[in-house]
Amino acid sequence: RMECAASASFVLVHYAGDVRYSVDSFLAKNKDPVSHDLLILMQWSTEPLLRRIFAKRAKGALDSGGSKGGGGGGGKFRGVVDNFLGSLKGLMHTLNAGEIRFIRCIKPNEMRRPRFVDDETSTRQVASSGLVPAVLAS
């Protein structure tokens, strides 16, 4: 659920507590490039508006040599899976090579005051994060 605040900000309300976002420089802070794979995938959307929006961008991405393999276009999506599996194998190698530690960060208070822990805020985060069952299971 989203609530609008009187100032230039908005609040997302969810089970772990309210999160306030300032709109100052919001776009600059959240300016992530669109994945090449998403550009290609959106060409096949069942929504005509999405197809039109992304058709030109996807064509430019294909023209710039972004697609792998020849012919049917399936090579690129297989490449994404291969990249994911490679990353997953690397992660598993790293995890298996070290000693596992569990770290969970919580905000001690909503006012961002140093050296002040609000019991209600901390307890809510610990309860909603699954921290207690994770510690009990380890």
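The paragraphs below go through a predicted model of one chain, from its overall make-up to a few of its residues. Local features are given at pLDDT of at least 70 and side-chain atom pairs at pLDDT 80 or more, while totals for chains, interfaces and linings use all residues. Residues are numbered from 1 along each chain as its sequence is written, and side-chain values use heavy atoms, with hydrogens and water left out.

The chain has 6 helices and 3 strands, where helices (H or I, at least four residues) and strands (E, at least two) are DSSP runs numbered from the N terminus. Along the sequence they follow the pattern β-β-β-α-α-α-α-α-α. Of the 138 residues, 14% are buried; buried means under 20% relative accessible area, exposed over 50%, and partly exposed in between (1.4 Å probe, protein chains only). The accessible surface comes to about 11300 Å², and 60% of that belongs to carbon and sulfur atoms. Such areas come from the Shrake-Rupley method with a 1.4 Å probe, and for residues only the protein chains shown count as cover. Among contacts with a separation of 6 or more, 24% are between residues 24 or more positions apart; a contact means heavy atoms within 4.5 Å.

The strands hold the 1 aromatic pair of the structure. The ring centres of Phe-10 and Tyr-21 are 5.3 Å apart and the planes stand at 20 degrees, so the pair is stacked. Rings of Phe, Tyr and Trp (its six-membered ring) pair if their centres lie within 6.5 Å; planes under 30 degrees apart are stacked, over 60 edge-to-face, and the rest tilted. Phe-10 belongs to strand S2 (residues 9–14) and Tyr-21 to strand S3 (residues 17–22), 11 residues apart. Phe-10 is buried at 17% relative accessible area, whereas Tyr-21 is partly exposed at 33%.

Helix H4 spans 74–97. Phe-84 lies in helix H4 and is exposed, with a relative accessible area of 53%. Together with Leu-85, Leu-88, Leu-91, Met-92 and Leu-95, Phe-84 makes a nonpolar surface patch of about 540 Å². Patches are made of residues with over 30% relative accessible area and no salt bridge; like charges are joined within 9 Å, and nonpolar side chains (Val, Leu, Ile, Met, Phe, Trp, Tyr) within 5 Å.

The loop between H4 and H5 contains Arg-112 and Arg-115. Both have a positive phi in a residue other than glycine, near 60 degrees for Arg-112 and near 55 degrees for Arg-115. Arg-112 is exposed at 72% relative accessibility, and Arg-115 is exposed at 84%.

The model has 2 salt bridges, each being a side-chain nitrogen of Lys or Arg within 4 Å of a carboxyl oxygen of Asp or Glu. Glu-110 pairs with Lys-107, with the closest N and O atoms 3.6 Å apart. Arg-124 also pairs with Glu-110, here at 3.1 Å. This second bridge links Arg-124 in helix H5 to Glu-110 in the loop between H4 and H5, 14 residues apart. Through shared partners, Lys-107, Glu-110 and Arg-124 form one network.

Helix H5 (residues 119–129) also contains Thr-121, which is buried at 3% relative accessible area. Beyond its neighbours within four places in sequence, Thr-121 is in contact with Lys-107, Pro-108, Asn-109 and Glu-110. The side chains of Thr-121 and Asp-118 are joined by a polar contact of 2.5 Å. A polar contact is a pair of N or O atoms within 3.5 Å; within protein, one must be able to donate a hydrogen and the other to accept it, and residues adjacent in sequence count only if both atoms are side-chain atoms.
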